[in-house]
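Biologist: Please show me how to read the features of this model one at a time. I would like the general idea and then the case at hand.

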Amino acid sequence: KRKKKRGRGLLDEVDNEEPEPEQGIIAWVKYMLGMTGGVLYVNKWLESGGRYEGSWHGASRCPHRYGVMTYVDGEVYEGRWRLGVRDGWGAGKFIDGSTYEGYWKRDEFHGKGKFTATNGDSYTGDWVQGLRHGKGVYAWANGNTYEGDWERGLIHGTGSKTWADGSWYGGRWKYGMRHGKGRYEWPNGNYYKGMWRKGQRN
């Protein structure tokens with residue numbers, strides 16, 4: 001009688017069926033010449049405790065091109081990779097429940113993207129090295145919105161803010177405060193047009 005094969009779990013089957021990526025100088029030469037370069041599809045557990053499924057660079061033994069990483073703390077990222085770091089378009093869900101969808105550079109938000117916080121606030125616009133920088137729209141969960149310029153994570157430059165009660169301000173800002181020439185309108189139609197200094201009418 002033929003002996004029955006011992007059963008294996010699904011993860012064991014996946015891991016055992018994966019071919020080993022090419023490594024070393026040969027893999028690098030192939031990669032530079034536009035050949036496979038040891039880049040292939042894998043579905044594997046990593047030494048860090050996370051799980052990765054996608055393209056894998058054999059020479060550097062790290063995620064490369066496109067894949068999904070589930071980190072040991074529960075954070076999930078799906079998108080582009082460049083030699084082990086998130087780089088290009090991608091979507092991330094973080095352990096506090098917040099999310100980001102957009103462009104990354106060297107593991108940081110960089111380019112166009114949308115971040116949604118756990119409290120319901122959201123920002124859609126430009127990012128530079130993980131900070132809101134450039135043009136963007138911030139929507140608070142309480143109904144307030146701001147659209148305009150940002151610098152190093154703060155409202156700075158020219159922009160307009162609308163409050164949930166109907167109040168509105170359009171004009172200059174400096175590091176999060178109304179500063180310079182601007183117009184403020186109350187819900188009843190009254191308005192002030194003139195100079196502001198550190199958030200106050202000047």
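**Reading surface, backbone and rings**

Modeller: At 43% relative accessibility, Tyr-103 counts as partly exposed, that is, between buried (under 20% relative accessible area) and exposed (over 50%), with a 1.4 Å probe and protein chains only. The model is predicted: local features need pLDDT of at least 70 and side-chain atom pairs 80 or more, while totals for chains, interfaces and linings use all residues. Residues are numbered from 1 along each chain as its sequence is written, and side-chain values use heavy atoms, without hydrogens and water.

Biologist: Where is Tyr-103 placed, and which residues form a nonpolar patch with Tyr-103?

Modeller: Tyr-103 belongs to strand β6, residues 99-105; strands (E, at least two residues) are DSSP runs numbered from the N terminus. On the surface, Tyr-103 forms a nonpolar patch with Tyr-66 and Trp-89, and together they have about 300 Å² of accessible area, by the Shrake-Rupley method with a 1.4 Å probe and only the protein chains shown as cover. Patch residues have over 30% relative accessible area and no salt bridge, and nonpolar side chains are joined within 5 Å. A salt bridge is a Lys or Arg side-chain nitrogen within 4 Å of an Asp or Glu carboxyl oxygen.

Biologist: How is phi to be read, and what is the phi of Arg-61?

Modeller: Most residues other than glycine have a negative phi. Arg-61 has a positive phi, near 55°, and lies in the loop between β2 (51-57) and β3 (62-70). Arg-65, in strand β3, also has a positive phi, of about 85°. Both are partly exposed, Arg-61 at 40% relative accessibility and Arg-65 at 36%.

Biologist: How many aromatic pairs does a search of the whole structure find?

Modeller: A pair of aromatic rings is described by the distance of the centres and the angle of the planes. The search finds 24 pairs, with centres within 6.5 Å and planes under 30 degrees apart called stacked, over 60 edge-to-face and the rest tilted. One of them is the edge-to-face pair of Tyr-52 and Trp-81, 5.9 Å centre to centre with 90° between the planes. Tyr-52 is in strand β2 and Trp-81 in strand β4 (residues 76-82), so the pair ties together parts 29 residues apart in sequence.

Biologist: Are Tyr-52 and Trp-81 buried or exposed?

Modeller: Tyr-52 and Trp-81 are both buried. Tyr-77 and Trp-104 form another edge-to-face pair, at 5.1 Å and 80°, and these two residues are also buried.

How values were computed
Patches are made of residues with over 30% relative accessible area and no salt bridge: like charges are joined within 9 Å, nonpolar side chains (Val, Leu, Ile, Met, Phe, Trp, Tyr) within 5 Å. Helices (H or I, at least four residues) and strands (E, at least two) are DSSP runs, numbered from the N terminus. Rings of Phe, Tyr and Trp (its six-membered ring) pair if their centres lie within 6.5 Å; planes under 30 degrees apart count as stacked, over 60 as edge-to-face and the rest as tilted.
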